[in-house]
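Try each task before reading its solution.

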Amino acid sequence: MNKRINNIDDIAYYGSCPSEEFVAHAFPSSRVAFFCYGINIASFMDERKASIRAISGWPEPIRKKLQFEARKGFRDRLKQAAPKTLVVDFSRITRASLMRHGNTLLTVPYELLEASPDLQRQAFRIFKIVPFGSHEFWTLVIEAMRTFSDFVNEELPGTELILLDVPPTADYRGTLIDSNTYMIDFCRWQMRYPMSRMLVDFCLEHIESSRVLTPSIDLYSDDTALYGPAPMHYSAEIWKEIARRFHADGGFGGLPRSSDLVSILTNYSGLMEAFTRTALSNPNLYRFSLDILHGALPYLFAKISSPAHSHFGDPIDSHDVVAAFRWILGREPESAETFLNHYALPNRRELRETLLRSFEFQSQAPHYAKL
C-alpha cells in the first residue's frame with residue numbers, strides 16, 4: 001500500500017541531473033520517498049553487495065560514490081518507499097559504463113573518467129571495465145531491464161510509472177563559454193538520446209502502469225547551462241512549463257500509453273534547425289553536417305524489443321549508405337529521406353540487396369552486361 005504523510009502522495013525518482021526539476025515542479029507538495037541518481041540500470045538491479053578495500057586512498061568523490069553504490073539495496077528501498085508515482089529518466093544512467101568487481105556490477109563514476117592516468121591504471125587492476133555500447137554492456141542492460149519490469153509489475157502494482165522522454169536541445173540562448181566542448185557534447189547527445197528511447201520503449205511494452213512524457217514545446221537552454229545540448233540543461237522555465245502542461249493535460253492519466261513516433265521524429269529533426277540558429281548567433285561555433293543526426297535517427301524508426309540482439313549483427317554506418325549508392329547505383333542518395341530509409345535497414349547485407357533489387361539497378365543491369 002502506498003505510504004502517505006498528511007494525505008500527501010510519496011514520489012520516487014530514479015534518474016540524473018536536473019530532470020529531477022520536473023519532480024520539483026510537477027509535485028511541489030509531495031515527499032520524495034526514494035531518490036537515486038546516476039546509477040546504471042544493470043547495477044541498480046544487481047543486489048550483490050561489494051567490499052572494495054583497495055580504493056580507501058582514492059579521492060573522496062570517487063570513493064564515496066563507489067562505496068555508496070557497493071552497498072546496493074536499491075530495489076528494497078524502492079519497494080519500502082512504495083511511492084504513488086515513480087519518475088524515471090534514462091537519459092544519462094544508461095550511457096555510463098559498467099565495472100565488475102568480483103561478481104558485482106558497479107557504475108563508472110564520471111570523476112574517474114577525468115582522473116589522473118595513474119588512478120585510472122589502478123582502476124583497471126581492481127575492476128574489469130565493461131565499455132559503454134559493447135555487446136556485453138547491452139546484454140547486461142537489457143537483462144536488468146527485464147528484471148526491472150518484473151519488479152515494478154510484481155512489487156509496485158499500485159505505482160504510476162512516468163518515463164521522461166527528454167530529447168537534447170541545441171538551442172542555447174546564453175553566453176557560449178567553450179564552443180569546442182559545446183560541439184562535442186552536442187554530438188554525444190545525438191547518440192545517447194535514442195539509446196534512452198530504446199529503454200523507454202522497452203518499459204512501455206513490458207510495464208502496464210507505465211506512461212511516457214515527451215515535451216511538446218520548443219526546448220532551449222540558457223545561462224544556467226554551460227554548454228546547452230544535454231536534456232538536463234533545459235532552461236528552468238522549460239521544466240516549469242513541462243510540469244504545467246503535464247497537469248493541464250490531466251496528469252498521469254493524460255499521458256500516452258505508447259510512444260508517438262511522429263512527435264519523436266518531429267522533436268528530434270528540429271535539432272539541426274535549433275543548432276543552426278545557435279551557430280548563427282555565435283560566430284565561433286562551427287556548423288555541423290547532417291551526419292551528426294544520421295548517426296542516431298535509425299534507432300527511432302523501429303520498435304525495439306530486444307536491442308541487445310538487434311544492433312550487433314552487421315550494423316550500418318553513414319559511410320556504408322553513401323558507398324553503396326555510389327558503387328551500385330553510381331550516384332549519391334537523392335534526399336535525406338532516402339538516406340534515412342536505407343540507413344534504418346538492419347544490416348549491410350540487407351542494404352546491398354535492397355539496392356540490387358531496386359528498379360533503378362535492374363534497369364541499368366543490361367547496360368552493364370554489354371560493357
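**Exercise 1: The overall picture**

Task: work out what share of the contacts with a separation of 6 or more comes from residues 24 or more positions apart.

Solution: in this predicted model, residues 24 or more positions apart make up 76% of the protein's contacts with a separation of 6 or more. Finally, look at burial: 49% of the 371 residues count as buried.

**Exercise 2: Two helices**

Task: decide how the axes of α4 and α7 are oriented to each other, roughly parallel or roughly antiparallel.

Solution: start by finding the helices, with α4 at residues 74-81 and α7 at residues 135-155. Their axes come within 11 Å and cross at roughly 25°. Angles under 35 degrees count as roughly parallel, so α4 and α7 are roughly parallel to each other. As for handedness, the α4–α7 crossing is right-handed.

Now check who touches whom: on the α4 side you'll find Arg75, Leu78 and Lys79, and they meet Thr147, Phe151 and Glu155 of α7. Sorted by type, the residues of this contact are 2 nonpolar, 1 polar and 3 charged.

**Exercise 3: Cysteines**

Solution: Counting pairs of cysteine sulfur atoms within 2.5 Å gives 0 disulfides. Then apply the burial cut-off, under 20% relative accessible area. Cysteine 36 has 2%, so it is buried. Cysteine 203, at 0% relative accessibility, is buried too.

Notes. Residues are numbered from 1 along each chain as its sequence is written. This is a predicted model: local features need pLDDT of at least 70, side-chain atom pairs count only at pLDDT 80 or more; totals for chains, interfaces and linings use all residues. Side-chain values use heavy atoms; hydrogens and water are left out. Axes are lines fitted to C-alpha atoms, for helices over the stretch in contact, and angles run from 0 to 180 degrees between N-to-C directions. Helices (H or I, at least four residues) and strands (E, at least two) are DSSP runs, numbered from the N terminus. Angles under 35 degrees count as roughly parallel, over 145 as roughly antiparallel, 65 to 115 as roughly perpendicular and the rest as oblique. A crossing is left-handed if the near helix is turned anticlockwise from the far one by less than a right angle, and right-handed if clockwise. Contact means heavy atoms within 4.5 Å. Ala, Val, Leu, Ile, Met, Phe, Trp, Tyr, Cys and Pro count as nonpolar, Asp, Glu, Lys and Arg as charged, and the others, Gly among them, as polar. Buried means under 20% relative accessible area, exposed over 50%, partly exposed in between (1.4 Å probe, protein chains only).
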